[in-house]
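Take a look at the sequence and the structure first, then work through each task before you read its solution.

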Amino acid sequence: MSPFLDLPPLSAAEFAAIEDQVAALLHTSADVIVTQGEALLPLEAAIRGAAHPGSTALNIVTGPYGQTFGNWLRSCGVEVVDLAVPFDSAVSAQQVADALAAHPAVDFVSLVHAEAATGNTNPVAGIAAVVREHGALLMLDAVASVAAEPLLTDEWGVDLCVIGGQKAMGGPAGVSAVSVSGRAWERIAANPAAPRRSYLSLLDWKERWTDAGRTVLPHAPAQLEMLALGACLDRITADGLPAVIARHRAASAATRAGVRALGTLTPFVPEDAHAAPVATTLRTPDGLPATDLAAAVLRLDPALPVQPGGGTLAASMLRINHYGPAASLATVHACLTALATATNAGAAPALAAADAAWTATVRA
């Protein structure tokens, strides 16, 4: 008998309880909607709901997802101001403040917290304060940051916060969630172009589920994914969110220290303060394509969370994912050992540096 078949139906009360667990994780009292799909679903739903035709949006681009948001905003008839910074750095609150001052009509801001694809992270608290002072709505992609670094949705003033379970949460990829502030609901309700009778309609969810008391599900839920989401939330609660965050920070610090000790590769994001805790990206030296190095590492151990960068970065950037179960010293050791072998470097100094960085970070 398969454990995945013939399960009892997931009740509305169980579904609502999982939403409440997500709200606690996000430190929010706002409405939380758990969506039955990968996180691109609520990200697009948030933009298409809140982006009014003819309005002006500031789209902060620190990686590939920022580029995607800009495309969606333009397709909604929005005038888009792109604030782009190099993918090996973070955007500052002052840069955002300057952009808003130069474009006073901006009433919507889109931002990615952490970019796993490029290995950088942005200072959301300071940016959110600037956005709120300007009076604009803030949408945050926290898919790669949730459970890996602090995420204080209400305290920071994030209006639309989107998460997925597949990275630091260590959960499923096929279910995601968005928290929606009161200001965001007002803006979505006032948008004549907001999706209705659509899978992208947050308003449909609000009317048929949230405002209806969350007693009758409007459709059959993705039961296995919901159960997995509940399980990973339970595990985070049992471990303690501060401990989960500390483990991700330690994995990042240990990987970066070990790579520097190897001497054959360098961090793609040079400043530690700008480095995301979920993935470390590395520059490969001239003459060593990242695709070739990734292939060599995976020949040594196909299970290692190593891959070349995407798109134009495939030739020069290697990515080490250390999120969820992979946020462990054992994973860091395995990746460093394989990199040392593949680049003909000594592993011992790298492992010692990683151990020291791990211990220092966990104790901090």
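**Exercise 1.** Which residues have the most contacts inside the largest nonpolar core, and how many residues does this core have?

*Solution.* Keep in mind that you are looking at a predicted model.
- Step 1: The largest nonpolar core holds 92 residues.
- Step 2: Leu58, Val96, Leu160, Ile163 and Met169 have the most contacts inside this core.
- Step 3: Helix α1 provides the largest share of the core, with 7 residues.
- Step 4: Another core of 24 residues lies apart from this one, and Leu265, Cys335, Ala350 and Trp358 are among its members.

**Exercise 2.** Pick out leucine 160 and find what it is in contact with, leaving aside neighbours within four places in sequence.

*Solution.* 
- Step 1: Leu160 is one of the residues with the most contacts inside the largest nonpolar core.
- Step 2: Its contacts beyond those neighbours include Ala46, Ala50, Phe108 and Leu137.
- Step 3: Further along the chain, Val178, Ser179, Val180 and Ala184 are also among the contacts of leucine 160.

**Exercise 3.** Decide whether the rings of phenylalanine 15 and tryptophan 205 are stacked or edge-to-face.

*Solution.* 
- Step 1: A pair of aromatic rings is described by the distance of the centres and the angle of the planes.
- Step 2: The model has 4 aromatic pairs.
- Step 3: For phenylalanine 15 and tryptophan 205, the centres are 6.1 Å apart and the planes are at 15°, so this pair is stacked; the cut-off for stacking is under 30 degrees.
- Step 4: Phenylalanine 15 belongs to helix α1 (residues 12–25) and tryptophan 205 to helix α8 (residues 202–210), so the pair ties together parts that are 190 residues apart in sequence.
- Step 5: Phenylalanine 15 is buried because its relative accessible area is 0%, and tryptophan 205 counts as buried at 10%.

**Exercise 4.** Now do the reasoning for phenylalanine 15 and tryptophan 209: what kind of pair do their rings form?

*Solution.* 
- Step 1: The ring centres of phenylalanine 15 and tryptophan 209 are 5.5 Å apart, with planes at 80°, so the pair is edge-to-face.
- Step 2: This pair links helix α1 with helix α8 across 194 residues.
- Step 3: Tryptophan 209 counts as buried, because its relative accessibility is 0%.
- Step 4: Put together, ring pairs link Phe15, Trp205 and Trp209 into a cluster.

**Exercise 5.** Find out which helix gives the most to the lining of the largest pocket.

*Solution.* 
- Step 1: The largest pocket has about 390 Å³ of space.
- Step 2: It is lined by 21 residues, and Thr121, Glu149, Asp272, Ala273 and Ala275 are the closest to its centre.
- Step 3: Helices α5 (124–134) and α10 (241–262) each supply at least two lining residues.
- Step 4: The helix you want is α10, which gives the most, with 4 residues.

Methods. Residues are numbered from 1 along each chain as its sequence is written. This is a predicted model: local features need pLDDT of at least 70, side-chain atom pairs count only at pLDDT 80 or more; totals for chains, interfaces and linings use all residues. Side-chain values use heavy atoms; hydrogens and water are left out. Rings of Phe, Tyr and Trp (its six-membered ring) pair if their centres lie within 6.5 Å; planes under 30 degrees apart count as stacked, over 60 as edge-to-face and the rest as tilted. Buried means under 20% relative accessible area, exposed over 50%, partly exposed in between (1.4 Å probe, protein chains only). A nonpolar core is a set of buried Ala, Val, Leu, Ile, Met, Phe, Trp, Tyr and Cys residues joined through side-chain atoms within 4.5 Å. Contact means heavy atoms within 4.5 Å. On a 1 Å grid over the protein atoms alone, a cavity is a set of points where a 1.4 Å probe fits but cannot get out, and a pocket is an open set with protein on both sides within 12 Å along at least five of seven lines; lining residues have an atom within 4 Å of a point. Grid points are joined across faces, edges and corners, and a volume is the space filled by probe spheres set on the points.
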